[in-house]
Amino acid sequence: MVDYVHAIDEGDYERWPTFFTEDGHYQVTGRENLARGWVAGMLLCDNRDMMVDRIYSLRQVNVWEPHTYRHVIGPTQVLEVGMDASGATARFTARTQTNYLCVRTMHNGEQKLFSTGRYLDDIVFEGPPGGDVPKLRSRMVIADSNQIDTLLVIPI
Amino acid sequence: MAQAIGVRPVSELIRWPTDDLSRIPLHIYGDPEIYAWEQDRIFRGPTWNFLSLECEIPKPNDYVLTKVGDTPVIVLRTAEGGINALVNRCTHKGSVLCHDSRGEGKRSFVCPYHAWSFDQSGELRGIAFEKGVGGLGGMPEGFDKSKHALTRLRVEVIEGLVFGTFSEQTPPLEQYLGEPMVAHIRRTIRGRKMQIIGRYNHIMPNNWKLYIENSRDTHHPSLLHAFFATFKLNRLSAEGGIRHDPANWHHLVFAKRLTDQGHEEYSPGKLRTMKSDFGLNDPSLIAQWMEYDDNITNALQSILPGFVLQQILNSVGTRQIITRGTDECELVWTVVAFEEDTPEQRAIRIKQSNLVGPHGYISMEDGAIGGFVQQGIKGDRDKQAVVEMGGLTADGQPTRATETSVRGFYKAYRELMGA
């Protein structure tokens, strides 16, 4: 959780997909969209390759005014723990939620509260049996506001 | 009703540098007096403004809030099943009547301030303490409630798109749109029942007109948006074109992705946007099915003043401009699926919502570029923009390497503003 936001906040965007499983799911959506069952949120990636494409595009293709994020995250609430026995070895899983606050700083120093909301995560622990490397099978970013100022290019 | 109170006449505010349509004075993007006139003469003038999708108010007594320019509007389905649009302003003190963005079972609108109540047609039905208390106070004998109804817009619907106008002068909707625009709206929706799958409220750091120009600017996509050019989604060499209504107020730009045979102008290194090394690791993003018999894969239809009907591959949706002062505007994106879609088709539409909105591979840049212009012109409001590509007029042209549609917008703008 902490490593994820530091990777983004320090501009180490290539590390962002590595926090996910290969078939990991990432989506930003707004509270209202979620409440109304409007499923096409923003910035939807349904596998790690799509995340790699997003970062490549951010670096090489898209035109945007340089800026960085600073995330502040709250304590993580564990909603559910479980065991995934579908693979060769059983793995621990967890569903959690964590509040975040994300401030955007433009290249000229201008700062703005860009987004607040919560992460709703589905985590699996990888590595050797009983492994302790948490990977996101799914991260749903539920922003409190449906408004996005100017653009959303760096993942939250 | 008027916004332009105590401001100078338009003729003193705007001086067009040339008689033709090829120059735009930059101060029109930042002048509060011009902005006030735009509210009166464009948004509340003889224009049809997009209000909402019919599918947002499916049942009797449903309502949804929207805006026409700066003016808050309630769009509602009456108990009888018709659609009304009322200005969301109590005629007593001016409070908004309704602040929840949507609701159901709403047969009347009661002001939270002093409980004046209005029916679904906007008629004032009740005033709290109208007869006073204990025979004292209350409204005078001659107070005529029928003179204090809510302002009601005329409403028309085409293919589930609800439009409203403040002016009695606006011609009927289909006549206003013109035959080519009506035909394309019918072609895009095709009588299918819409279901909203997503909405994005995109705040853009620029004057509303800069976004409208951008949506009509047919030669920027292959220059600004590398994503388009790389995947041959909308290269100028692909078969495509521009259609106008007879008055040149509205326009449609379209392309047929698969007709693209390549062109030397797009050789690697020639244009910044042609990055031949940009291959998607997951090309499923741009997988599409041929939804339309005309083989058009990309169409943007811009209806004056602030509405766009979009088809980007299989991403179908609406864009509605809401003004927010001279230097900012909001673009409300709504992406839809149709009831008859197969689960696979629906999944493709959801995935392709990555192409549009503030996060869109393509459209994020339109959010940035308007702000670049707004920043760039700050010190030079006496200067002018040059829109001369493709000539000086606003005719339909068989190419997208032209700014004719931008000139078309300013032709309409000058007619409406009366200057």
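A salt bridge is a side-chain nitrogen of Lys or Arg within 4 Å of a carboxyl oxygen of Asp or Glu. By that rule, a search of the whole structure, which is a predicted model, finds 43 salt bridges over all chains.

**View 1. Strand 4 of chain B and its two antiparallel neighbours**. Strand 4 of chain B covers residues 71-77, and six of these seven residues are buried, so the strand is largely enclosed by the rest of the structure. Six bridges pair this strand with strand 3 (residues 63-68) of chain B in the antiparallel sense. One of the positions to look for is B:Tyr63, whose bridge partner in strand 4 is B:Leu76. Strand 5 (residues 83-87) of chain B also pairs with strand 4 in the antiparallel sense, over five bridges. Here B:Leu76 has B:Asn84 as its bridge partner in strand 5.

**View 2. The hairpins on either side of strand 4 of chain B**. Two residues separate strand 3 from strand 4 of chain B, and in this hairpin B:Gly69 takes a positive phi near 60°. Between strand 4 and strand 5 of chain B there are five residues, and in that hairpin B:Gly81 takes a positive phi near 100°.

**View 3. The contact between chain B and chain A**. On the chain B side 40 residues are in contact with 33 residues of chain A. The two chains bury about 3300 Å² between them, with 53% of that area on carbon and sulfur atoms. Two salt bridges are counted between chain B and chain A. The side chains of B:Arg102 and A:Glu32 meet in a salt bridge, at 3.4 Å from N to O. The elements of chain B that give two or more residues to the side touching chain A are strand 12 (194-204), helix 7 (226-230), strand 18 (329-338), helix 8 (343-352) and helix 9 (364-376). Strand 12 gives the most, with eight residues. By class, this side of chain B has 18 nonpolar, eleven polar and eleven charged residues.

**View 4. A strand pair across the two chains**. Strand 7 (residues 147-149) of chain A and strand 12 of chain B run parallel and are joined by three bridges. In this pair, A:Gln147 has B:Asn201 of strand 12 as its bridge partner.

**View 5. A salt bridge between two strands of chain A**. The side chains of A:Glu126 and A:Arg91 meet in a salt bridge at 3.4 Å, N to O. A:Glu126 lies in strand 5 (residues 111-126) of chain A and A:Arg91 in strand 4 (residues 91-106) of chain A, so the pair ties together parts that are 35 residues apart in sequence. A:Glu126 is partly exposed at 24% relative accessibility, and A:Arg91 is partly exposed at 25%.

**View 6. Two salt bridges within chain B**. B:Lys59 forms a salt bridge with B:Asp62, and their closest N and O atoms are 3.4 Å apart. B:Lys59 is partly exposed at 39% relative accessibility, whereas B:Asp62 is buried at 4%. The side chains of B:Asp327 and B:Lys378 also meet in a salt bridge (3.4 Å, N to O). B:Asp327 lies in the loop between strand 17 (315-323) and strand 18, and B:Lys378 in the loop between helix 9 and strand 19 (384-386), so the pair ties together parts of chain B that are 51 residues apart in sequence. B:Asp327 is partly exposed at 33%, and B:Lys378 is exposed at 53%.

Notes:
Residues are numbered from 1 along each chain as its sequence is written. Chains are lettered from A and ligands numbered from 1 in the order in which they are written. This is a predicted model: local features need pLDDT of at least 70, side-chain atom pairs count only at pLDDT 80 or more; totals for chains, interfaces and linings use all residues. Side-chain values use heavy atoms; hydrogens and water are left out. Buried means under 20% relative accessible area, exposed over 50%, partly exposed in between (1.4 Å probe, protein chains only). Helices (H or I, at least four residues) and strands (E, at least two) are DSSP runs, numbered from the N terminus. Two strands pair if DSSP finds at least two bridges between them. Contact means heavy atoms within 4.5 Å. Buried area is the accessible area (1.4 Å probe) that two parts lose on being put together, summed over both. Ala, Val, Leu, Ile, Met, Phe, Trp, Tyr, Cys and Pro count as nonpolar, Asp, Glu, Lys and Arg as charged, and the others, Gly among them, as polar.
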